[in-house]
Amino acid sequence: MGYVSAITKTTAIIIVVLIVIAAIIGAVIYLQQAGAPPTTTPSPTTSPTTTTPTTTPTTTPTTTPTTTPTTTPAEELPELSIGETSIRVPKWLKEFADKCKAGEIDTVDIYFATSMMPFEVNITSKIVEKFMEEYPCIVVHYDNIQNMKTLIAAAVQVGEPGKGPDVFTWAHDWTGEMADAGYIVPLDKYLPVETINDLKSQFLAIAFQATQYKLSTWGLPWAAEAIALVVNTNMVDTPPETFDEMKSIMEQFYDPANDMYGLAYQADPYFLYPWITAFGGFYYDEITGEFGINSTSTEQGIEFYIRNILPYLDYSDLGHEHQLTVFTEGRAPMMITGPWDIPRIKDVIGEENIKIVPVPDIDSEHQTKPFSGIKLLWMTQLATKGDPNRLKATLLFMIWFTLNDETIRMLMEGAGFIPVKLSLLQYVSEHQEEYPIIAGFAASIAESIPMPKDVKMSKAWYVGTCLNAILNNFTAVIDAGGTVEEAINSAVESIDITLDYCMAEIYRSLEEISG
């Protein structure tokens with residue numbers, strides 16, 4: 001109260017003047033950034049390390065706009081309709097879309113890259129074809145590639161259109177590294193705040209949150225993934241709703257003498273995260289820039305896992321492949337895993353024999369929140385090179401791909417991708433009997449925490465080395481003939497000192513980089 005009363009009339013006038021000046025400066029900056037992109041952009045200083053794609057544009061645009069399009073005021077922004085969805089867009093983008101549909105624009109070549117499984121590529125290829133049918137002026141050269149980061153770094157360094165993707169997709173946690181290196185371009189450099197807000201309103205909140213980095217929007221979301229509890233209903237009629245129920249099932253089925261276990265569950269930092277978050281723990285907070293690896297809360301989460309889950313696993317091999325085999329062979333009634341394992345699980349167990357629910361909360365005060373990966377479309381610097389229509393075509397493709405309900409449904413039904421567009425999530429919610437797997441993972445994603453995008457998170461993953469050391473203390477006691485209780489105590493006693501060492505190593509590696 002003393003602070004408020006100390007403000008004088010003169011001070012108040014000064015504050016008002018400063019606010020007005022700040023508003024004017026902000027408006028000027030906005031108007032400067034809201035238009036179309038510059039024709040040249042800075043390149044990263046890293047050198048190419050791989051060869052670039054051999055494909056080249058099939059045609060070369062014969063006309064180039066002679067003026068740089070600019071964004072119109074908010075009240076004049078036209079609407080662009082993508083299926084049943086409409087958003088406000090800059091006038092120059094709307095005009096390009098309309099003329100492209102009408103065949104009034106010469107061919108524009110853009111390059112789209114993914115790193116997908118073959119069955120996912122087949123669906124994506126059909127989607128690309130649909131886009132080109134709707135916008136005949138745009139030829140999308142689609143390629144499924146490996147070593148995505150390396151290719152993009154090399155192609156952007158060369159800076160020649162057609163030598164790398166204009167748009168590509170991966171999980172959102174690449175954003176910080178790709179943005180800081182200058183490989184990708186923020187969308188709000190070209191799209192006004194009204195367009196960004198309209199886009200934001202179409203997606204699950206955490207999905208659009210995953211597009212944000214350093215106060216800019218860097219991509220558009222189209223799918224997500226997070227781990228959940230997969231239940232074999234041949235063994236368990238009703239999935240557990242609480243951790244007590246889950247633990248009761250684990251105790252019921254655990255019989256190592258007969259090669260039976262309570263749960264199949266690989267052990268690594270990503271998979272153990274629900275128990276860590278349940279106690280308020282974390283690895284890295286990209287908002288505060290703090291590491292929480294050796295915090296009390298993180299240690300409590302790891303201890304809970306060791307005492308309440310690890311003893312019911314086949315801990316002779318906690319790797320992914322072995323744990324998946326344990327589940328598919330019917331040697332465990334439940335498995336904690338993600339959508340990537342569902343095709344194999346369906347092939348062996350049968351889609352009709354599995355149910356998926358979020359990892360149960362420990363109790364009302366300890367709620368589990370898994371990591372999630374949000375699949376984004378990003379635009380590279382290559383899209384800003386040469387013909388200005390390349391940028392327009394790339395933006396149009398990104399908006400169409402992520403907003404078209406038919407497209408998202410094809411990805412959902414044909415490849416099992418979990419949608420993040422609200423209209424599709426509502427549809428799935430209303431038809432859960434038709435999409436039980438999608439609905440189960442969608443419920444888990446809704447409770448998840450997107451992985452940090454900051455490049456420092458790459459250092460935080462070192463926790464995996466320390467986690468292995470802790471778990472090795474457990475198995476070492478077992479291998480030496482000790483009891484499970486002795487193994488638990490040995491592992492728990494090593495948590496504190498091991499995680500302290502882990503943090504010391506992370507800080508040392510950060511000092512080496514900054515130094």
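Trainee: How many helices and strands does the secondary structure of the chain come to?

Mentor: First, know that this is a predicted model: local features need pLDDT of at least 70, side-chain atom pairs count only at pLDDT 80 or more, and totals for chains, interfaces and linings use all residues. Residues are numbered from 1 along each chain as its sequence is written, and side-chain values use heavy atoms, leaving out hydrogens and water. Helices (H or I, at least four residues) and strands (E, at least two) are DSSP runs, numbered from the N terminus. On that basis, the chain comes to 20 helices and 15 strands.

Trainee: What share of the 515 residues in the chain is buried?

Mentor: Buried means under 20% relative accessible area, exposed means over 50%, and partly exposed is in between (1.4 Å probe, protein chains only). With that cut-off, the buried share of the 515 residues is 53%.

Trainee: At what angle do helix α14 and helix α15 pack?

Mentor: Axes here are lines fitted to C-alpha atoms, for helices over the stretch in contact, and angles run from 0 to 180 degrees between N-to-C directions. The axes of α14 (residues 388-403) and α15 (residues 405-415) lie 5 Å apart. The angle between these two helices is about 60 degrees.

Trainee: Which residues of α14 and α15 make the contact?

Mentor: Contact means heavy atoms within 4.5 Å. Sorted by type, the residues involved are 5 nonpolar, 2 polar and 1 charged; Ala, Val, Leu, Ile, Met, Phe, Trp, Tyr, Cys and Pro count as nonpolar, Asp, Glu, Lys and Arg as charged, and the others, Gly among them, as polar. From α15 come D405, T407, I408 and L411, and from α14 come W400, F401, T402 and L403.

Trainee: How much space lies in the largest pocket?

Mentor: Rolling a probe the size of a water molecule over the atoms shows where empty space is left. On a 1 Å grid over the protein atoms alone, a cavity is a set of points where a 1.4 Å probe fits but cannot get out, while a pocket is an open set with protein on both sides within 12 Å along at least five of seven lines, and lining residues have an atom within 4 Å of a point. Grid points are joined across faces, edges and corners, and the volume is the space filled by probe spheres set on the points. For the largest pocket that gives about 1100 Å³.

Trainee: Which element gives the largest share of the lining of the largest pocket?

Mentor: There are 36 lining residues, and E120, E225, P339, W340 and K375 lie nearest the centre. By type, the lining divides into 22 nonpolar, 7 polar and 7 charged. Elements supplying at least two residues each include α4 (118-134), β8 (219-226) and β14 (371-379). The largest share, 4 residues, comes from α15.

Trainee: And which residues are the closest to the centre of the second largest pocket?

Mentor: This pocket holds about 430 Å³ of space. Its 19 lining residues divide into 10 nonpolar, 4 polar and 5 charged. The closest to the centre are Q209, D285, E286, I287 and K453.

Trainee: Is I287 buried or exposed?

Mentor: I287 sits in the loop between β10 and β11 (290-291). I287 has 78% relative accessibility, so it counts as exposed.

Trainee: What is the phi of K214?

Mentor: K214 is in the loop between β6 and β7 (216-217). Its relative accessibility is 57%, so K214 counts as exposed. Although K214 is not a glycine, its phi is positive, at about 50 degrees.

Trainee: In what order do the strands of the open sheet of 3 strands come?

Mentor: Two strands pair if DSSP finds at least two bridges between them. β12 (334-337) and β13 (354-357) are the edge strands, each pairing on one side only. The pairing is antiparallel, and the order is β12-β9-β13.

Trainee: Which residue stands opposite E79 in β2?

Mentor: Strands β1 (residues 79-82) and β2 run antiparallel and are joined by 4 bridges. They form a hairpin with 2 residues between them. On β2, the covered face has T85 and I87, and the uncovered one has S86 and R88. The residue opposite E79 is R88.
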